[in-house]
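This report examines one protein chain, moving from single residues to the chain as a whole. Please keep the sequence and the structure in view while reading.

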Amino acid sequence: MRVVSLVPSLTEAVAVSVPGVLVGATDWCSHPAGLDVTRIGGTKNPDVGRVVALAPDLVIANEEENRGPDLAALRAAGLEVLVTEVRDVAQAFRELSRVLRACGGPARPEWLAEAEEAWAAPGPLARRTAVVPVWRRPWMVLGRETFAGDVLARLGVHQLYSGHPERYPRMALEDLLAAGPDLVVLPDEPYCFTADDGPEAFPGLPCALLSGRHLTWYGPSLAEAPRVLGGALRAALR
């Protein structure tokens, strides 16, 4: 089996669960450390020719992270493309099992069983409301039906734009402030918010700087995400 992954979190999941099957991954596939495979460009601009040249049995992708025209081009070249859809934690577990089976691996490796157990009782905070920027210049926030929004909801954090018609709406900063959140959640990806870049825009509000990998990746990091994210949220609210 030869597999190319166009999704960083799926790359990590396959690499640790079915060693040796990955032959290609994106430039953004940073985990596991030291992964030695051919790099085929970004998630939004993969080098289709390079992927085809690797002659994979399967390409794994995601409907949000990868562009339809690129996936169509891969299919037109005769490649099998498995496209995942992940809008919440439960769906992530199902799609991970589907991907691992398709790659010839176990449907429920140890880390996935541990993740399911961890999310069965994640120890949520007392309910808080939050705005969750994912980009700056312009400001963009989590909206409806996002995996990260479901992760936060399970930890007791209700993001205020969960009912917005768009999944990642652009918002004016004054509107975010006027929404009256208890908390601002600032992940370090896709925009890398830091202590010096982000919190100053929200004076007087507690800001939780979160690991984007634990908030937005669906893979082995899910097993420790409740602990890591919960700890960072509690620290911000002290």
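Predicted model: local features only at pLDDT ≥ 70, side-chain atom pairs only at ≥ 80, totals over all residues.

Ala 73 and Val 52 are separated by 21 residues in sequence, and their C-alpha atoms are 9.8 Å apart in space.

Arg 75 also lies in helix α3, which covers residues 68-76. With a relative accessible area of 42%, Arg 75 is partly exposed. When neighbours within four places in sequence are left aside, Arg 75 is in contact with Val 81 and Val 83. Between Arg 75 and Arg 128 there are 53 residues in sequence and 44 Å in space, taken from C-alpha to C-alpha.

Strand β6 comprises residues 128-131, and Thr 129 is found in it. Is Thr 129 buried or exposed? Its relative accessible area is 18%, and the limit for a buried residue is under 20%, so Thr 129 is buried.

Which residues does Thr 129 touch, apart from those up to four places away in sequence? They are His 158, Leu 160, Gly 180, Pro 181, Asp 182 and Leu 183.

## Helix α6

Helix α6 runs through residues 147-154 and is mostly covered, as 6 of its 8 residues are buried. These buried residues are Phe 147, Ala 148, Gly 149, Asp 150, Val 151 and Leu 152. After α6 comes Gly 156, which has a positive phi near 95 degrees.

## The nonpolar cores

The largest nonpolar core has 50 residues. Leu 152, Tyr 218 and Leu 233 are the residues with the most contacts inside this core. Helix α4, residues 89-102, provides the largest share of the core, with 6 residues. A second core is separate and has 13 residues, including Trp 139, Val 141, Met 171 and Phe 193.

Not counting residues up to four places away in sequence, Tyr 218 touches Val 7, Ser 9, Leu 10, Asn 62, Glu 65, Val 86, Ala 92, Leu 96 and Phe 147. One of these partners, Phe 147, is among the buried residues of α6.

## The chain as a whole

How many helices and strands does the chain have? Its secondary structure comes to 9 helices and 11 strands. Of the 238 residues in the chain, 52% are buried. Among contacts between residues at least 6 apart in sequence, 58% join residues at least 24 apart.

The C-alpha trace spans about 55 × 35 × 30 Å along its principal axes. A compact globule of 238 residues would have a radius of gyration near 18 Å; the chain has 18 Å, and therefore agrees with that expectation.

## Surface and charge

The chain exposes about 10300 Å², and carbon and sulfur atoms supply 51% of this area.

Terms used:
Residues numbered from 1 in each chain as written. Heavy atoms only, no water. Core = buried A, V, L, I, M, F, W, Y, C linked by side-chain atoms within 4.5 Å. Buried < 20%, exposed > 50% of the residue type's maximum accessible area, 1.4 Å probe, protein only. Helix = DSSP H or I, 4+ residues; strand = E, 2+ residues; numbered from the N terminus. Contact = heavy atoms within 4.5 Å. Rg over C-alpha atoms; globule rule 2.2 N^0.38 Å. Areas by Shrake-Rupley, 256 points an atom, 1.4 Å probe, with all protein chains shown as cover.
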